[in-house]
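Here are my notes on the helix packing in this model. Please read them with the structure open.

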Amino acid sequence: LILVPKRTLSLHRILRVPPEELLYRKLEARDYSSALAIATTYELNTDTVYQHQWRQLSQVNTETVSVLLDKITDKQWVLANCIDSVTDDQEGIRILLEYGLRLTESVMEDIVSRCELGTEVKLDWIRAASSGEPMGSKAKGALLAVQLTEKEVLWCKYRWYILKYLNRLSTFVELTSAEKESRVREEAKASRLKPRKPSTHDPLD
């Protein structure tokens with residue numbers, strides 16, 4: 001009779017678990033350092049780790065964007081999340097949209113230079129995207145004549161929406177700021193007009 005230590009049996013069971021299953025378990029436990037080590041050791045896609053960690057975030061800031069989104073190789077996924085991420089934090093929304101805008105800048109620059117569209121086409125495209133107004137006929141005709149790749153078409157659409165959302169965010173911030181300032185002025189005015197209570201004195205003995 002050969003006795004196998006319990007510890008050895010446990011290790012044997014672990015070794016029989018596929019790496020993908022081990023990775024999934026670590027992600028579910030939110031043990032991201034171990035998950036990243038498994039993905040690196042077994043040459044799995046590390047995007048899975050960073051994407052899972054990103055979905056669990058409760059707050060978006062410059063540091064989380066740099067630590068997580070910068071390391072994700074699937075930039076199309078990143079752009080989609082820059083637009084679709086749900087947060088009530090205005091600063092977080094701005095950080096995400098501006099990050100997505102920087103990602104698409106290289107594609108836009110490549111289109112402009114490769115197709116010799118000229119700066120005026122780019123500027124008109126940006127103006128139209130941010131304002132929601134139609135493009136000029138010259139710029140629109142130049143873009144339609146360009147043979148864009150599937151990726152370039154998709155990234156142009158992302159850029160269009162990002163610019164539009166940035167414009168909406170700017171308008172929203174201006175309106176809420178003006179409303180807040182107006183409310184503060186009204187409260188100050190009401191405080192000045194409020195009648196003062198007469199001072200009371202102790203009765204003389």
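1. Helix α2 (residues 19-28) packs against helix α3 (residues 32-41) at an angle of about 165°, and their axes lie 8 Å apart. This is a predicted model, and the points below should be read as such. Angles over 145 degrees count as roughly antiparallel, so α2 and α3 are roughly antiparallel to each other. The crossing of α2 past α3 is left-handed.

2. Which residues make the contact between α2 and α3? From α2 they are Pro19, Leu22, Leu23, Lys26 and Leu27, and from α3 they are Tyr32, Ser34, Ala35, Ile38 and Ala39. By class, this contact of α2 with α3 comprises 8 nonpolar residues, 1 polar and 1 charged. As background, an α-helix has 3.6 residues a turn, so residues three or four places apart point the same way.

3. α2 also packs against helix α4 (residues 47-55), here at an angle of about 20° and with the axes 11 Å apart. The cut-off for roughly parallel is under 35 degrees, and therefore α2 is roughly parallel to α4. α2 passes α4 in a right-handed crossing.

4. On the α2 side, the contact with α4 is made by Leu23, Leu27 and Glu28; on the α4 side, by Thr48, Val49 and His52. The contact of α2 with α4 has 3 nonpolar, 2 polar and 1 charged residues. Leu23 and Leu27 of α2 are listed in the contact with α3 and also in the contact with α4.

5. Helix α7 (residues 90-114) has 25 residues. From its first C-alpha to its last, α7 reaches 36 Å, close to the 36 Å expected at 1.5 Å a residue. Where is the kink in α7 centred? It is centred on Thr104, and the kink is about 30°.

6. Helix α6 (residues 75-84) and α7 cross at roughly 145°, their axes coming within 9 Å. α6 passes α7 in a left-handed crossing. In α6 the contacting residues are Lys75, Val78, Leu79, Asn81 and Cys82; they meet Leu96, Leu97, Tyr99, Gly100, Leu103 and Thr104 in α7. The contact of α6 with α7 divides into 7 nonpolar, 3 polar and 1 charged residues. Thr104, on which the kink in α7 is centred, is among the α7 residues that meet α6.

Key. Residues numbered from 1 in each chain as written. Predicted model: local features only at pLDDT ≥ 70, side-chain atom pairs only at ≥ 80, totals over all residues. Heavy atoms only, no water. Helix = DSSP H or I, 4+ residues; strand = E, 2+ residues; numbered from the N terminus. Expected span 1.5 Å × (residues − 1). Bend = angle between axes of the 7 residues up to and from the residue. Axes fitted to C-alpha atoms, helices over the stretch in contact; angles between N-to-C directions. Parallel < 35°, antiparallel > 145°, perpendicular 65-115°, else oblique. Left-handed = near helix turned anticlockwise from the far one by under 90°. Contact = heavy atoms within 4.5 Å. Nonpolar A, V, L, I, M, F, W, Y, C, P; charged D, E, K, R; others polar.
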